[in-house]
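User: I've got a new model to look at. Can you walk me through it?

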Amino acid sequence: MNRLVVAAPASGSGKTTVATGLMAALRRAGDRVAPFKVGPDYIDPGYHAVATGRPGRNLDPVMLGEQRVAALFAHGARGCDLAVVEGVMGLFDGRVDTEGIGSTAHVAKLLSAPVLFVVDARGQSRSLAALLHGFRGYDPTVRLGGVVLNQVGSARHEHVLRGACAEVGLEVLGVLPRDDRFGLPSRHLGLVTAAEHGRPALDAVDAIAAAVARHVDLDAVRRLAAEVPAMAVPTWDPAAEVSPVDGSPVVAVAGGAAFTFGYAEHVELLRAAGADVVVVDPLRDQDLPDGTSGLVLPGGFPEQHAAELSANEGLRAAVAAFARSGGPVHAECGGLLYLARSLDGVPMCGVIDADGSMTPRLTLGYRDAVAPVDSVLARAGARITGHEFHRTSLSVPAGTRPAWQWRGHDQRPVAEGFVVDGVHASYLHTHPASAPESVARFARACATESVRYEATR
């Protein structure tokens with residue numbers, strides 16, 4: 001599989017612009033492109049999906065374990081001509097207090113992939129040579145294969161920058177001029193999701209693709225992606241991870257503009273476990289599907305759609321009735337907020353006795369968590385590494401039966417989330433491919449639980 005990783009010295013250099021533009025430009029040129037993102041981010045893969053017409057997938061050694069990264073890469077890249085992997089933050093930035101675990105460099109080494117280095121050239125000229133020399137020499141096992149210069153101000157500026165790259169022997173594969181039209185809309189947790197942005201998201205990807213096709217040497221990018229060794233790894237197969245249950249239980253999975261933070265492998269594992277997965281949009285659908293035996297509420301931006309979610313009283317009532325009858329519910333972050341009594345003062349489903357609200361504080365980071373009690377998702381004592389990423393808080397952070405426990409930065413124990421009857425609700429995002437047994441356990445609960453929702457409309 002031909003492959004390359006798009007990296008940068010720091011966040012804000014233009015990785016998403018270049019990676020998304022490359023994916024779209026190569027696809028328009030006839031290539032079948034597999035899109036990937038390093039780390040736990042949900043937003044960039046949405047734009048990758050728009051650019052390639054394929055699911056955007058995450059490669060996160062922290063949540064997945066590094067032994068799964070290459071196999072999941074092979075799974076996502078099947079049937080494609082080349083893969084483009086967008087990095088995270090700066091090239092060597094990984095989990096805090098580790099030696100780059102989970103960094104872009106870490107993933108590039110796991111995949112034996114060359115790095116296309118994107119540099120924001122504003123305010124730089126010959127100093128660029130020192131920057132490139134430092135990054136290339138910091139870890140010689142990470143191969144910088146070429147440079148894309150971003151935010152270049154003039155022909156003279158480009159000439160000087162090309163000279164700096166030549167000094168250190170790195171080829172310039174593209175030069176993007178300063179142009180605000182290449183940006184994507186952002187908000188408090190990063191970009192506005194592609195699903196929310198709608199038609200403007202398609203237009204933005206089209207504009208970026210056109211710019212990359214005009215200013216980046218696509219043939220040189222293809223040659224760089226081809227300069228890789230063969231990968232002798234087994235392909236991840238969801239059917240090998242779980243056993244199917246009887247009865248094809250209907251599992252409703254929330255989607256639409258308010259609930260976009262989910263991993264493609266989750267639905268794949270649910271289906272491999274025998275579930276009949278049906279997507280429900282809480283902004284539009286008035287009821288759960290008839291026969292619903294399980295409900296998955298992933299993360300997203302419900303705080304941006306609180307009034308509309310609250311106005312859909314029919315679905316709120318259906319979710320509350322299903323949960324209170326003991327139906328299996330797996331809710332993460334945005335899904336947790338949807339189950340709360342209220343969000344920013346407007347009523348939600350009222351399944352969790354807590355109120356959610358926006359705050360100025362960003363909660364961000366990996367958590368090494370343990371399940372303190374049995375639930376539809378895990379046995380007591382089960383361990384998992386998850387990720388928190390939110391600017392909201394709950395009036396009550398945990399129930400009498402918390403969903404997870406971990407140690408905070410001060411080593412004090414932290415209890416978080418709620419296990420109530422068949423509900424497992426938490427701020428913690430998890431990657432199901434790291435713990436397929438949790439999906440199998442949830443599917444078994446859906447198949448054996450006597451609750452079958454009967455639609456009223």
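**Starting at Thr-104**

User: Which residues does Thr-104 touch, leaving out those up to four places away in sequence?
Analyst: Thr-104 is in contact (heavy atoms within 4.5 Å) with Val-5, Ala-7, Val-38, Gly-87, Val-88, Gly-90, Leu-91 and Asp-93. Keep in mind that this is a predicted model, where local features need pLDDT of at least 70, side-chain atom pairs need 80 or more, and totals for chains, interfaces and linings use all residues. Residues are numbered from 1 along each chain as its sequence is written, and side-chain values use heavy atoms, without hydrogens or water.

User: Where does Thr-104 sit?
Analyst: In helix H5, which covers residues 104-111. Helices are DSSP runs of H or I, at least four residues, and strands are E runs of at least two, numbered from the N terminus.

User: Is Thr-104 buried or exposed?
Analyst: Its relative accessibility is 0%, so Thr-104 counts as buried. The cut-off for buried is under 20% relative accessible area, with a 1.4 Å probe and protein chains only.

User: New topic. How many helices and strands are there?
Analyst: The protein has 16 helices and 21 strands. Its radius of gyration (over C-alpha atoms) is 23 Å, close to the 23 Å from the globule rule (2.2 Å times the number of residues to the power 0.38), so the protein is as compact as a globular protein of that length.

User: What box do the C-alpha atoms fill?
Analyst: Roughly 70 × 50 × 45 Å, along the principal axes.

User: And how far apart in sequence are the contacts?
Analyst: Take those between residues at least 6 apart: 75% join residues at least 24 apart.

Definitions and conventions
Buried < 20%, exposed > 50% of the residue type's maximum accessible area, 1.4 Å probe, protein only.
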